[in-house]
Structure formats: C-alpha cells, structure tokens
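Here's a quick walk through one protein model, written for someone who likes cut-offs spelled out. Have the structure open while you read.

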Amino acid sequence: MKKNNQKNLCIAVGLLAAFALWTVAVRYVDVAPIGPRGSTVGFASVNGFVHRLVGVHMSLYTITDWLGLVPVGVGMGFALLGLVQWLKRRRLGRVDYNLFVLGGFYIVVLAVYLFFETVVINYRPVLIDGFLEASYPSSTTMLVLCVMPTAAMQLRARIQNRAMRYAVTITITAFMVFMVVGRFISGVHWMTDIVGGALLSAALVMLYRWISCLKE
C-alpha cells in the first residue's frame with residue numbers, strides 16, 4: 001500500500017509539471033490576437049481552427065453553467081457531513097480524517113481558482129454579457145473534475161451496497177463527461193483552456209488521493 005501511495009505522489013508531481021509546462025506554452029507559443037477586442041491567446045492557429053469548427057452554443061453554455069452548481073452542492077454536502085460528525089462525536093479530532101483532507105482540498109481548489117482569476121493567461125473567445133472574462137484554465141472543468149472524482153472516492157468508502165456503489169460511480173462519470181464535453185462544445189473556452197483545466201484537476205486529485213491514503 002505504501003509503495004502504491006508513493007506512485008500516487010509521483011503521478012501528481014508529474015501532472016503538476018505537465019500543467020506548468022502547458023501553461024508556459026499557452027502563454028508564449030504562437031500567441032496572436034484572435035480573441036474578441038484583440039485579446040491574445042497561445043496556440044492561436046490550433047485554437048482558432050478548433051473554435052471555428054466547434055462554433056458557439058450559448059444554450060449549452062447556460063446549461064453547463066447551471067449544472068456547475070452540482071459540484072458546489074456536493075461540496076456543501078460533505079461539509080455538512082463533517083459538521084454532523086463533529087456535533088455527534090463532540091470533538092473535532094474525531095471527525096473522519098478523509099473529511100479533513102477533503103476540506104483542505106476544497107480550499108486549495110478555491111485558491112487556485114482565485115489565483116487564475118487574478119493572473120490572467122488568456123481571455124474567453126467570446127464576450128460574456130459584453131465583458132472579457134479570464135478563461136484559463138476552464139474553471140468549470142476544474143471544479144467538476146476536482147469535486148466529483150473526490151466525491152466518488154468518498155462515497156465508495158461509505159456505501160456498503162456494491163450495486164449502489166457501481167451506480168453512483170457510473171452516474172458521476174457520465175456527469176463529468178457531459179460537463180467537460182458540453183463546456184468544450186459550447187465554444188466559450190479555447191481548446192487549451194479545457195486541456196489546462198483537465199491537467200490541473202488530475203494533478204490535484206492525485207495529491208488528494210496521496211494525502212488521504214497516508215493514514216492507511
């Protein structure tokens with residue numbers, strides 16, 4: 001188990017390095033002002049081609065935007081579970097270790113989101129309500145791919161019924177696929193935004209998995 005967990009850490013570090021390199025490339029490779037109001041983006045040739053191919057579908061953007069509340073609700077649900085455990089067990093230290101790790105993980109995800117809202121790599125390929133918005137990495141992609149896999153890990157450990165565990169896993173997987181593909185097809189992000197969000201999310205989830213397994 002210890003050897004497997006070290007592998008989790010190595011994978012997490014590798015993914016973080018890949019995300020860092022990808023971010024640098026997006027910032028400096030083939031940068032051109034192909035966005036609205038002359039905003040620039042890296043990998044302009046590829047991003048421009050993919051964006052023209054996919055088009056813009058604001059209805060799908062709206063749907064995925066509202067469904068982005070699902071992972072927020074899931075996070076609040078686990079926060080409530082931690083609070084209930086604290087009240088029932090009458091001591092904060094008796095709350096499940098993996099819930100502490102999950103809470104810290106949520107804080108890290110929020111901090112990363114705020115960082116990239118401040119340090120803008122590039123803007124969206126479309127205006128939202130007439131404004132340029134930071135687009136890298138895709139925050140919806142990151143939110144979904146961070147919260148839902150960790151929720152699946154939590155639920156697999158808490159649901160005893162095998163069929164129910166399987167159903168939950170399938171449902172969560174289908175939701176993640178729909179959200180990422182839907183966000184991409186909506187055309188409100190550059191292709192590189194989606195890739196960046198997926199890389200960063202995978203790295204953070206592997207770090208969560210590594211830390212949560214330290215007590216096993």
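## Starting point: Ser 201

Ser 201 has a relative accessibility of 0%, so it counts as buried (buried is under 20% relative accessible area, exposed is over 50%, and partly exposed is in between, using a 1.4 Å probe and protein chains only). Before going further, some housekeeping: this is a predicted model, where local features need pLDDT of at least 70, side-chain atom pairs count only at pLDDT 80 or more, and totals for chains, interfaces and linings use all residues. Residues are numbered from 1 along each chain as its sequence is written, and side-chain values use heavy atoms, with hydrogens and water left out.

Back to Ser 201, which sits in helix H8 (helices are DSSP runs of H or I with at least four residues, strands are runs of E with at least two, and both are numbered from the N terminus). Leaving out residues up to four places away in sequence, Ser 201 touches Thr 141, Met 142, Leu 145 and Cys 146, where contact means heavy atoms within 4.5 Å. Pro 149 is 52 residues from Ser 201 along the chain, yet their C-alpha atoms are separated by 9.6 Å.

Skipping neighbours within four places in sequence, Leu 200 is in contact with Leu 16, Phe 19, Val 112, Phe 116, Pro 137 and Met 142.

## The loop between H5 and H6

Pro 137 is in the loop between H5 and H6, and the peptide bond that joins Tyr 136 to Pro 137 is cis, with omega at about -15°. For background, most peptide bonds are trans, and most residues other than glycine have a negative phi.

Ser 138 belongs to that loop between H5 and H6 too, and at 0% relative accessibility Ser 138 counts as buried. Its side chain makes a polar contact with the side chain of Thr 141 at 2.8 Å. A polar contact is a pair of N or O atoms within 3.5 Å; within protein, one must be able to donate a hydrogen and the other to accept it, and residues adjacent in sequence count only if both atoms are side-chain atoms. Leaving aside neighbours within four places in sequence, Ser 138 is also in contact with Arg 183, His 189, Asp 193, Ile 194 and Gly 197.

## Helix H4, inside and out

How far apart are the end C-alpha atoms of H4? They are 30 Å apart, which agrees with the 30 Å that the 21 residues of H4 (residues 69-89) should span at 1.5 Å a residue; the expected span is 1.5 Å times one less than the number of residues.

The buried residues in H4 are Pro 71, Gly 75, Phe 78, Gly 82 and Gln 85. Seen down the helix axis, they fall within an arc of 80°, so they line one face of H4 (the arc is that of the directions from the helix axis to the C-beta atoms). An α-helix has 3.6 residues a turn, so residues three or four places apart point the same way. Covering the buried residues of H4 are, among others, helix H3 (58-67), H5, H6 and helix H7 (162-186). On the face turned away from the buried side you'll find the exposed residues Met 76, Leu 80, Leu 87 and Lys 88.

## Cysteines

How many disulfides does the structure hold? The count is 0, with a disulfide taken as a pair of cysteine sulfur atoms within 2.5 Å. The sulfur of Cys 10 is 14 Å from the closest cysteine sulfur, in Cys 213, so that is too far for a bond. For Cys 146, the closest cysteine sulfur is again in Cys 213, 17 Å away and too far for a bond. Cys 10 counts as exposed at 57% relative accessibility, whereas Cys 146 is buried, with a relative accessible area of 0%.
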